[in-house]
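Work through the following exercises with the sequence and the structure side by side, and try each task before reading its solution.

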Amino acid sequence: LNRRLAEFGTTIFAEMSALAVSTGSINLGQGFPDTDGPEEIREAAVRALRDGRGNQYPPGPGIPELRAAVAAHQERRYGLLYDADTEVLVTAGATEAIAASLLALLEPGDEVIALEPYYDSYAACIAMAGARRVPVTLRPHRGEDGAPSFRLDLDELRDAVTDRTRLLLINTPHNPTGTVLTRAELAAIAGLAVERDLLVVTDEVYEHLVFDGAEHVPLATFPGMRERTVAIGSAGKSFSFTGWKVGWVTAAPALLSAVRSAKQFLTYVSSGPFQYAVAEALALPETYFAAFRADMQAKRDVLAAGLAEAGFEVFRPAGTYFVTTDIRPLGERDGFAFCRALPERAGVVAVPNAVFYDHREVGAPFVRFAFCKQVEVLQEAVKRLKTAF
Ligand code: PMP
Ligand code: GLN
């Protein structure tokens, strides 16, 4: 492994999913649903495959039907107008969208500000681009009702910007904390980006998973942002087909064209027949999205309540399908050791949030559980955890 990648071995998700299989544990580590997305969308993929649509290389930027569907989705939900030909790009999942964006837009030595804890591929892609990550840490915070959550300190964000800062890498709803940035916070981020002339890459893969009436507001909707924002979405997350690896980018033409240049040499294209199915998925009626959200919120409630009963401190997520906990009330302090021992102790797999931090000591007591699982599975996991602790 070269020096740029030396610190990145195997992703925690592969390690923990392998541990789940080898110990026969319930896997609440890697974030993937145990129920596939809509039947009609699976049928659409079968139809495309059988009719010979997408079995050979699809067009480089993605099939026109899917690009049009992405543009229509952004307009319908957010009032954002994107041209399907020059401002939309289909990628091999959000993962490739992140990689292509960072590889296309960064020069060696550029600084990238990312919210810490951050999704693990951010650090690796920033490193591959030869750039430098500058983490801004989300801090535990108690709301008026006493409930803890992770919050962005806008002064810390502002102080992190230097003359070398090129790009803000934002993620909302945020993995792993479940934080959903508020309209006021996003307005401040947008103001900073405009003031310091920064690019923004915004990972919005959990855009449909916001709970308790919270609102997902895309950064591109703020004044001055459309021209400097690269937004990323994922069919894996929005339609529960993580194996299909269909993602997308929306951005103004100059940025989109840069990202497309990098993407060409990463995968060129991917997921032919699935692109046709995802085009149909994006046109599903609002009832689909509302039901999806309600289902995940109910699952969140089951797992969050169960973890609290088992003695964890629970950071109630406002979005995503992850819940972060603090293990110190259990008399534990090292999330790594805790997660390595958890399969033997309780038959459950979770992920140590420390892997998402540069400041590993800050992330040490936090452990993430995924709740995108059937309610009976979550209940069984809770039962096991309550017995073990
Ligand atoms: N960004 C975030 C925040 C994620 O949690 C994930 C993975 N679940 C991705 C990007 C990657 O998405 P995809 O599976 O579409 O590549
Ligand atoms: N994004 C998912 C998670 O956070 C996993 C994706 C992966 O395995 N790379 O768990």
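Helices (H or I, at least four residues) and strands (E, at least two) are DSSP runs, numbered from the N terminus. The model used here is a predicted one.

**Exercise 1.** Determine where T320 lies and whether T320 is buried or exposed.

*Solution.* Begin with the position: T320 belongs to the loop that runs between strand 11 (313-315) and strand 12 (322-326). Next, look at the backbone, where phi of T320 is near 70°, a positive value in a residue other than glycine. Finally, apply the cut-off, by which a residue is buried if 20 or more other C-beta atoms lie within 10 Å of its own; T320 has 30 C-beta neighbours inside 10 Å and therefore counts as buried.

**Exercise 2.** Carry out the steps of Exercise 1 for S271.

*Solution.* S271 is found in the loop between helix 9 (253-264) and helix 10 (272-282). Although S271 is not a glycine, its phi is positive, at about 60°. Because S271 has 27 C-beta neighbours inside 10 Å, S271 counts as buried.

Methods. Residues are numbered from 1 along each chain as its sequence is written. Chains are lettered from A and ligands numbered from 1 in the order in which they are written. This is a predicted model: local features need pLDDT of at least 70, side-chain atom pairs count only at pLDDT 80 or more; totals for chains, interfaces and linings use all residues. A residue is buried if 20 or more other C-beta atoms lie within 10 Å of its own, exposed if 12 or fewer, and partly exposed in between; C-beta atoms are placed from the backbone.
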